[in-house]
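The following exercises concern a predicted model.

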Amino acid sequence: MRIAMIGTGYVGLVSGACLSDFGHEVVCIDKDAGKIDALKKGVMPIWEPGLEALVSANVERGRLSFTTDLGEGVEGAEAIFIAVGTPARRGDGHADLTYVFDAVRELARVMKAPAVVVTKSTVPVGTGDRITELLQQEGAPAGTSVASNPEFLREGAAIRDFKIPDRIVVGAEDDKAREVLREIYRPLFLNQAPILFTGRRTAELTKYAANAFLAVKISFINEIANLCEAVDADVQDVARGIGLDNRIGPKFLHPGPGYGGSCFPKDTLALLQTANEAGVEQRIVDTVVKVNDDRKGSMANRVAKALGGSVDGKRIALLGLAFKQNTDDMRDAPSIPLVKGLLEQGASVTAFDPVAVENARKIMPDAEFAGDPYDAAQDADALVVVTEWDEFRALDLGRFAKVMRGKVVVDLRNVYNRADAEEAGLEYVGIGRGRVDRGASRLKLVRNG
Ligand code: NAD
């Protein structure tokens, strides 16, 4: 099937590349000529594991192409996906639908034949209805229908998530849309990926409910971590102890500096706006947003506390800047308020991140950046682990102790444990690990009999 993808960012590019890998003929369209030029030369505009190989393989086979020309891109397409950004609108937190509606207007003017327009962007309930009206107003061909197909992929594991999804949600109001989307995802039926057909408004809301629930889980374990610190318990063990309960599950129970990224912060705010407009209270999500904002804003003070109350005049080394591992995405990353707070309190900051430095430079111009974790730690008073990159796990703690001026390690991701850090001559502060470190988990699990 011929498919057009409007918006070639994290979601559009990954979705387009994966759909072409299933055998569909996909054209990815973007307004950003620099992005499209780079892609035509085989240069990826984002850092996502496995993406470059997937894109180049499908370009070579002639199934994947890139253009800035919308008319050319959508010609002959049976399905036209919209995967443009829906950032939080300044001031009220409502999802900013400017990019979506602009794309729909432009699309209506260039469409020559009816197609199924599929919203992959995360959009508030009722947006599909507004897109339908807009397409009609702007003269899209009769017979064009609108479906919602929210995307649940995670940056850093995006290709795997797209190809082996937990579920596919399709919100449609007509048989043609359901038929086209069933055909698009048919290759995944072989993996028995559940496909859930719902009404369009239900699909739109499902995406927000999923992200809000995950944000609740993260904030819940962060608050339990605070309690662990006060009562001398270990949150790692608590998380395992509750996560092994099938009703709870182990995922999203990792305490840390608060959630960030391009989705949870804006989607929780947008859900609250929808609820507000509908006159329905969402007290849990409302509280979670506040809990998370407070948490992100308090991390600089946590570092100051570990250094005896002040970071004034101190050199702080940061390991990791991206909002999570395996991505270069800095949108709403917890490192942003942390660096801001440290600089405001008189510290100097030198940071290392395997891939996010280029994006970080634009956001935190007063920080310094190192090309290596040990260079970042040179003469530092404290080392702060901000992102849980796997490659940080096996770093030489003894070498940090040698190159640093001070000895404090503030581990905001619990990547290390106190015993190893102390053995290396460092003073360790984790998240929710009580007053006494227990090193490896005391919960002895017997596997395989
Ligand atoms: P992004 O900013 O990386 O990409 C959006 C792209 O759309 C940009 O390249 C931009 O130039 C392009 N664009 C904007 N208007 C256009 C137009 N009229 N015509 C052509 N191109 C246009 O955004 P993203 O992270 O891919 O997110 C896209 C949507 O997917 C958002 O609604 C987001 O909430 C949702 N989503 C994102 C993720 C994620 O992990 N990033 C996961 C699930 C859902």
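**Exercise 1. Describe the lining of the second largest pocket.**

Step 1. Of the 16 residues that line the second largest pocket, Glu229, Arg302, Lys305, Val429 and Gly430 are nearest its centre. A pocket is an open set of points on a 1 Å grid over the protein atoms alone, where a 1.4 Å probe fits, with protein on both sides within 12 Å along at least five of seven lines; a cavity is a set of such points from which the probe cannot get out, and lining residues have an atom within 4 Å of a point.

Step 2. Two or more residues of this lining come from each of α10 (200-231) and α13 (283-306). Helices (H or I, at least four residues) and strands (E, at least two) are DSSP runs, numbered from the N terminus. The largest share, 7 residues, belongs to α13.

Step 3. Sorted by class, the lining of the second largest pocket comprises 3 nonpolar, 6 polar and 7 charged residues. Here Ala, Val, Leu, Ile, Met, Phe, Trp, Tyr, Cys and Pro count as nonpolar, Asp, Glu, Lys and Arg as charged, and the others, Gly among them, as polar.

Step 4. The space in this pocket amounts to about 350 Å³. Grid points are joined across faces, edges and corners, and a volume is the space filled by probe spheres set on the points.

Two conventions apply throughout: residues are numbered from 1 along each chain as its sequence is written, and side-chain values use heavy atoms, with hydrogens and water left out. As the model is predicted, local features need pLDDT of at least 70 and side-chain atom pairs count only at pLDDT 80 or more, whereas totals for chains, interfaces and linings use all residues.

**Exercise 2. Characterise the residues around the ligand.**

Step 1. The shell holds 27 residues, and Asp30, Lys35, Thr86, Glu155 and Lys266 come nearest to the ligand. A residue is near a molecule if one of its heavy atoms lies within 4 Å of it.

Step 2. Consider the polar contacts, that is, pairs of N or O atoms within 3.5 Å (within protein, one must be able to donate a hydrogen and the other to accept it, and residues adjacent in sequence count only if both atoms are side-chain atoms). A side-chain N or O atom of Lys35 is 2.5 Å from an oxygen atom of the ligand. A nitrogen atom of the ligand is 2.7 Å from a polar side-chain atom of Glu155. For Tyr10, a polar backbone atom lies 3.1 Å from a ligand oxygen atom.

Step 3. On its own the ligand has 830 Å² of accessible area, and the protein covers 90% of that area. These areas come from the Shrake-Rupley method with a 1.4 Å probe; for residues, only the protein chains shown count as cover.

Step 4. α1 (10-21) and α5 (98-110) are the elements that give two or more residues to the shell. The greatest contribution is that of α5, with 3 residues. By class, the shell has 9 nonpolar, 8 polar and 10 charged residues.

**Exercise 3. Determine which residues line the largest cavity.**

Step 1. The structure contains 1 cavity of 30 Å³ or more, and the volume of the largest cavity is about 30 Å³.

Step 2. Its lining consists of Thr119, Ser121, Thr122, Val123, Ser148, Pro150, Glu204 and Lys207. By class these are 2 nonpolar, 4 polar and 2 charged residues.

**Exercise 4. Is Lys120 buried or exposed?**

Step 1. Lys120 belongs to the loop between β5 (116-119) and α6 (127-137).

Step 2. Lys120 counts as buried because its relative accessibility is 2%. Buried means under 20% relative accessible area, exposed over 50%, and partly exposed in between (1.4 Å probe, protein chains only).

Step 3. The side chain of Lys120 forms a polar contact of 2.8 Å with that of Asn149.

**Exercise 5. Examine the phi angles of Phe252 and Asp332.**

Step 1. Most residues other than glycine have a negative phi.

Step 2. Phe252, which is not a glycine, has a positive phi of about 60°. Phe252 is located in the loop between α11 (235-243) and α12 (264-278) and is partly exposed, as its relative accessible area is 27%.

Step 3. Asp332, also not a glycine, has a positive phi of about 55°. Asp332 lies in the loop between β9 (315-319) and α14 (335-344) and counts as partly exposed at 41% relative accessibility.
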